[in-house]
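Dear colleague,

I am handing over the structure we spoke about, with the sequence alongside. Please open it before you read on, as my notes follow directly below.

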Amino acid sequence: MTSRPDPASPSELPLPDSSAKTLRDFFWLLRAELFVLREEWFWYLLQASFVSLSYLAFLWFLIGPQAPSAAENLIVGSLVMSLSFAGMLSLGQHIGYLKELQAFDYYAALPLSKGAFIAALTTRGMLLSLPATLLIGFLAVVFFHVPFTGLSVLILFLSAYAMAGFGALIGFYSPTAQVAGLLTQILQTVIIFFAPVYYHPSVLPEGLRLLAYLWPTTHAALALKGSLGGGLNPSSLVSLFVLVLFCLVSLVLIPLRLDWRGRR
């Protein structure tokens, strides 16, 4: 009579590759987020594009004929506006809505990586911001002859992730969906119009100028302006480094502090 082999102890069982599992989780979570958008994507893109293009047209009609040299500032400001609108504002409200529905209780019951969940949400925000950004970039090249480079494209991607992470932070730590919606709208105004996005930092009073360096929009605008000039000066390099830090905060530190079932 042959004896049956002893079952392997848990410590002897092969462990799944954590990196492969995280990537798999990220893929399916991102697919789920995009699936939810299948009936609403057009309105998200229309809203993001319409707002950014409207500000660009309004400011050009207002000051463009008198100051053609201001075209670069207007283009950079409109690009940052589109990234902030879809990445920060829309994503923060979306996460607040999920929290209000207690959707995170469902995700908490699944063997999912928090990092993959955050990465999927921020990638959703980044993807929603791309069409409006590409449209403004096309208009900038064709009508305003703004010289985009490969570095400019890289900075746009980093900026999109940085602002999406900023929106995710607001959404996760807002107590209700209503607070998340109000807070993102207030901050959208502050980080666009009270930051050197459409103008040079020297225009701001000293107190506001120092405060503006806390926002990702400031560093996105400064890095973009540096890249359009053909290279990065030391100030632009610092801004690029800060954008990378914002991305790391959204993808690494937020998951460490995230309470799936937190209500506040």
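His219 is found in helix α9 of what is, please bear in mind, a predicted model. With a relative accessible area of 5%, His219 counts as buried, because that value falls under the 20% limit applied to buried residues. The side chain of His219 makes a polar contact with the side chain of Ser239, at 3.4 Å. Leaving aside residues up to four places away in sequence, His219 touches Tyr213, Val242 and Leu243 as well as Ser239.

Leu214, by contrast, is exposed, with a relative accessible area of 53%, and lies in the loop between α8 (206-212) and α9 (216-228). Leu214 also belongs to a nonpolar patch on the surface, which it forms with Tyr55, Phe193, Phe194, Leu208 and Leu211; together these residues have about 500 Å² of accessible area.

As for the protein as a whole, there are 10 helices and zero strands, so that the pattern read along the sequence is α-α-α-α-α-α-α-α-α-α. Of the 264 residues in the protein, 45% are buried, while the protein exposes about 14,100 Å², with carbon and sulfur atoms supplying 70% of that area.

Terms used: Residues numbered from 1 in each chain as written. Predicted model: local features only at pLDDT ≥ 70, side-chain atom pairs only at ≥ 80, totals over all residues. Heavy atoms only, no water. Patch = residues over 30% accessible without salt bridge, like charges linked within 9 Å, V, L, I, M, F, W, Y side chains within 5 Å. Areas by Shrake-Rupley, 256 points an atom, 1.4 Å probe, with all protein chains shown as cover. Salt bridge = Lys/Arg side-chain N within 4 Å of Asp/Glu carboxyl O. Helix = DSSP H or I, 4+ residues; strand = E, 2+ residues; numbered from the N terminus. Buried < 20%, exposed > 50% of the residue type's maximum accessible area, 1.4 Å probe, protein only. Polar contact = N/O pair within 3.5 Å; in protein donor to acceptor, adjacent residues only side chain to side chain. Contact = heavy atoms within 4.5 Å.
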